[in-house]
Amino acid sequence: MSECRPVLVLGNDFSLAAAKTSRHLCVALERLGLRAVSRDTRLIRWAVADVERECPSRREPYEGSVVAKWSKFIIDYGIDTVISLDLHWLFSSRLFLDDDQVKQIHSFWFDDLRTYLQAAPMFPLAPYSPLELINRPKVSHHCYGRGQAEELRLLGVERIFPSALAASAEYLAAEEPCTEIKKLAFIGNPGLPSPPTPLALAAMERGENLAALRGLARQEILDGLPHAEPTNSWIRQYPGISHLLAAATELRLSHPHASALSLLRRAGQTYPDAFDFINRNGLILDVAMLVKFVNRYDRPALVRRLWRRGWLDVYGTPEQWAPFGIVAQPTVPFPRLASAYRRYPAQLNAANCAREATANEKLFEIAACGRASLNLDSPDVRDCYSKEEVILAESDEALEAAAEEVLRDPTAALAMGEKARRRTAREHLWEHRLEKALA
Amino acid sequence: MTKNPTNPKGVLLLSGDFFTPFAKTTDYLAAAFERRGVPAYVRDNSEARMLNFLFSEEMEPRMPVARDAVCDALRELVQYAEIDTVVSLDLCWLVAPGLFVDDAAIRSIHSLWFDDFRSWCISPLNSCFFTDGDVFQQHIKHSKVVHHFYGDSQALEARLLGVTRQRLTRLAAPRHLLENNAPCLRTDRLGFVGNPGFRGAPHPGAVKLLEAGAELDKLRTYCRDAILKYPEARALKWFADEPTVHGLLGVAVEARRQFPYQPALQILQIAGTHYPRAFEYVNEKGIALDVAFLIKLVNRYDRPAFIHRLWKRGWIDVYSAPEEWEAYGVKALPPVTFSDLPAHYRMYAAQLNAPNSVRDATANEKLFEIAACGRLSINLDSPDVRSCYDPGEITMVNSLAGLEAAAEEVLRNPEAALACGEKARARTAREHLWDHRVASMLSGAAVG
């Protein structure tokens with residue numbers, strides 16, 4: 001990369017969290033002495049879908065205009081490096097992939113591959129397949145979770161690099177005092193947007209532990225197979241799929257943080273024909289998603305457990321929390337995140353089961369703000385912080401006990417947060433990730 | 001990162017990437033806001049404009065849906081990023097009803113003008129969504145909108161349209177240019193990066209004059225006469241409707257020849273005192289900006305003449321728009337990318353700078369960027385340029401002969417030119433960075 005050439009950072013405002021991260025990446029690039037320009041793709045995606053639906057004959061000219069605009073942009077700015085938080089930018093090879101001036105494309109994965117592939121692509125892929133596009137030699141894929149990386153490898157994606165998420169250095173400067181020492185906080189949504197089943201809600205109400213809730217979620221998955229699409233048609237085509245899924249979800253109960261794909265493969269050794277069927281029919285990622293759903297109540301259950309004790313303030317989309325019986329305060333806007341983190345001695349952190357990557361961005365942001373986070377113990381989280389820097393609980397009961405300890409001795413939690421902050425400053429800023437990626 | 005209590009919570013910077021020089025400046029401003037500790041988000045409206053174009057043709061019934069899609073995207077960003085300030089280098093963002101002006105979360109909107117009012121208003125690509133005249137006027141005159149102009153003439157034009165909340169905000173340079181220390185490799189030539197300004201084939205007579213080495217005044221006189229002798233179709237209609245318009249224009253273009261840096265609109269207003277009927281006609285028909293545009297064209301060969309004079313001597317490398325320069329007999333090299341600009345500026349001991357006559361504002365962005373790169377620029381001596389830099393920091397000339405002498409001096413003594421460039425760099429670091437403009441923008445100084 002030329003020293004003076006700006007790096008183009010591409011986001012998608014459909015996910016406003018990506019807008020935040022795009023900005024953090026730009027700030028980090030500038031701190032590294034590089035120049036950055038950031039752009040968003042939300043409107044192009046919307047427009048392409050609408051034009052394709054309403055006036056297909058105009059789609060090609062529209063694509064031509066978009067490509068022409070970007071081509072000029074790349075030339076005039078002299079851009080040779082692209083960082084994309086949104087794979088869709090790569091789906092039209094004419095935008096960046098075919099452009100000889102663009103030497104490197106770094107694709108940072110924030111979502112799971114299946115979700116990406118199910119969303120409408122920006123432009124039709126022909127004549128290339130997604131794999132051909134994203135495997136171009138100039139593209140590097142940076143994954144923050146083992147599960148993501150495995151899914152990509154399964155699909156045949158090359159040049160995959162583990163790259164944990166990180167925090168913006170500006171969080172290190174946050175100084176707001178801890179004023180809510182009698183409570184903890186959780187900032188986020190329940191994970192899956194769908195409400196819990198009445199059975200699950202009742203189980204949470206009874207205070208069932210995670211193991212029980214995972215068992216319940218597993219049973220819901222298996223019971224639902226014949227009653228929903230597309231699972232019903234899979235079973236009609238190959239009934240053995242239900243056995244494969246039963247085995248994989250059973251494994252997930254005993255290995256809740258192992259990647260869904262590895263569990264599916266292990267189950268496939270017992271049910272090779274079923275595995276062969278899902279493989280041949282391109283259903284592996286869809287089936288893996290069902291395996292992930294064994295953990296669907298992890299996050300809401302942890303939140304609910306502390307909420308019931310009156311120990312937790314929850315911030316997020318109130319309508320999504322209401323079905324869980326939780327009254328959430330409105331979502332915290334980006335600029336207030338640091339002060340919201342620092343207002344409490346510790347923050348609850350729990351992974352989104354759909355992502356299957358437990359070391360989420362919040363883990364690093366809470367730490368950068370000098371606050372302890374309470375996490376379920378998982379290999380991804382343990383790779384980034386020690387138990388002197390974050391709280392790693394083996395179970396929900398242990399997490400509840402840890403929360404009680406924080407409220408009893410907030411000073412100790414604050415000291416832990418300071419250690420986490422120092423570790424973040426040394427190792428877990430976006431600058432660290434970018435230095436490695438662009439090296 | 002410097003935190004400042006007067007800082008906004010978040011800034012949304014709106015760009016139009018169809019025109020990359022605006023986009024570039026938007027990114028420079030964003031970097032300046034971030035250095036001040038203000039989270040800055042850049043969003044581009046070229047897709048919205050393309051949609052508008054597309055939908056107005058074949059998908060007109062979908063237009064309201066498109067508008068909602070655009071507005072929803074930005075509203076959500078405004079909400080989650082807690083944006084309270086909008087900086088727009090593209091007016092069309094402001095005239096989408098309900099987007100920013102009516103949003104209670106947005107406390108202030110700064111509209112930075114880079115183009116002249118007329119060009120903006122007549123461009124078919126400019127409106128993001130169709131709005132009738134009242135909506136346009138209400139939005140741009142809204143109390144939370146401040147219009148920043150970099151030249152007096154622009155400000156005057158805006159005032160004519162009734163835009164009173166305005167400030168003179170000079171253009172500037174991005175901070176990173178101060179750090180470029182690429183060597184000066186060409187002391188036998190000067191450099192110029194840019195196009196001829198006014199797009200359109202030059203008059204053959206003007207090219208002959210250039211070839212013959214005519215001075216600026218002669219070229220301006222030629223333009224004055226050409227405007228009157230070979231009027232465009234619209235002007236012919238004005239003359240037919242109200243014959244005194246010809247006289248009004250004649251006085252105005254002559255005044256411009258004599259006072260080449262006086263705002264065209266001011267000249268028109270003064271000339272109007274001699275031709276009240278014609279001026280009334282111009283006002284009634286709403287063609288004041290069109291007439292002012294013709295007056296500006298008296299200077300249309302200033303920039304080409306500047307370049308041509310040194311080109312003929314073999315003293316200059318010209319970059320950008322080779323096909324446009326060809327008509328002037330100048331063989332230009334390919335354009336320079338933005339990222340390569342600093343090294344290009346620094347490759348030469350001095351750069352030529354000349355304003356685009358259409359803009360009617362002489363202190364262009366290049367003036368500050370060349371200075372930030374520590375290089376001397378040779379400019380026409382105008383009040384706008386003089387108000388930003390002193391002799392010794394830049395060179396100002398009044399004629400092509402003066403230009404030639406200044407260029408010869410640079411070639412003879414490049415060390416002196418480089419020393420001037422260093423002074424210009426120091427002045428830029430003190431006064432003329434986008435960081436300074438942002439600070440001034442946020443200072444809340446009185447407008448009007």
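Two residues are taken to be in contact if their C-beta atoms, placed from the backbone, lie within 7 Å. The structure described here is a predicted model, in which local features need pLDDT of at least 70 and side-chain atom pairs count only at pLDDT 80 or more, whereas totals for chains, interfaces and linings use all residues. Residues are numbered from 1 along each chain as its sequence is written, and chains are lettered from A, with ligands numbered from 1, in the order in which they are written.

The secondary structure of chain A comprises 21 helices and eleven strands, where helices (H or I, at least four residues) and strands (E, at least two) are DSSP runs numbered from the N terminus. For the 439 residues of chain A, a compact globule would have a radius of gyration near 22 Å, and the value of 22 Å found for chain A agrees with this; the radius is taken over C-alpha atoms, and the globule rule is 2.2 Å times the number of residues to the power 0.38. The C-alpha trace of chain A spans about 60 × 60 × 40 Å along its principal axes. Of the 439 residues in chain A, 51% count as buried, a residue being buried if 20 or more other C-beta atoms lie within 10 Å of its own, exposed if 12 or fewer, and partly exposed in between, with C-beta atoms placed from the backbone. Among contacts in chain A between residues at least 6 apart in sequence, 70% join residues at least 24 apart.

Chain B likewise has 21 helices and eleven strands. With 448 residues, a compact globule would have a radius of gyration near 22 Å, and chain B, at 22 Å, agrees. The C-alpha trace of chain B extends over about 60 × 60 × 45 Å along its principal axes, and buried residues make up 51% of its 448 residues. In chain B, 73% of the contacts between residues at least 6 apart in sequence join residues at least 24 apart.

Between the chains, 39 residues of chain A are in contact with 38 residues of chain B. On the side of chain A that touches chain B, the elements giving two or more residues are α1 (16-31), β2 (36-40), α2 (42-54) and α3 (59-77) of chain A. The residues of this side of chain A divide into 20 nonpolar, three polar and 16 charged, where Ala, Val, Leu, Ile, Met, Phe, Trp, Tyr, Cys and Pro count as nonpolar, Asp, Glu, Lys and Arg as charged, and the others, Gly among them, as polar.

Within chain A, the assignment gives domain 1 (7-163), domain 2 (169-196 + 297-429) and domain 3 (209-295), the bounds coming from an automatic or database domain assignment. The C-alpha centres of domain 1 and domain 3 of chain A lie 31 Å apart, and the contact takes seven residues from domain 1 of chain A and nine residues from domain 3 of chain A. On the side of domain 1 of chain A that touches domain 3 of chain A, α4 (113-118) and α6 (146-155) of chain A each supply at least two residues, and α6(A) gives the most, with five residues. By class, this side of domain 1 of chain A holds two nonpolar, one polar and four charged residues.

Helix packing was examined through axes, which are lines fitted to C-alpha atoms, for helices over the stretch in contact, with angles running from 0 to 180 degrees between N-to-C directions. The axes of α7 (residues 198-205) and α8 (residues 210-224) of chain A come within 10 Å and cross at roughly 170°, and α7(A) and α8(A) are therefore roughly antiparallel to each other; angles under 35 degrees count as roughly parallel, over 145 as roughly antiparallel, 65 to 115 as roughly perpendicular and the rest as oblique. In this pair, Leu199(A), Ala200(A), Ala203(A) and Met204(A) of α7(A) meet Ala212(A), Leu213(A) and Leu216(A) of α8(A), and the residues of the contact divide into seven nonpolar, no polar and no charged. The axes of α11 (residues 260-270) and α13 (residues 284-292) of chain A come within 9 Å and cross at roughly 105°, so that α11(A) and α13(A) are roughly perpendicular to each other.
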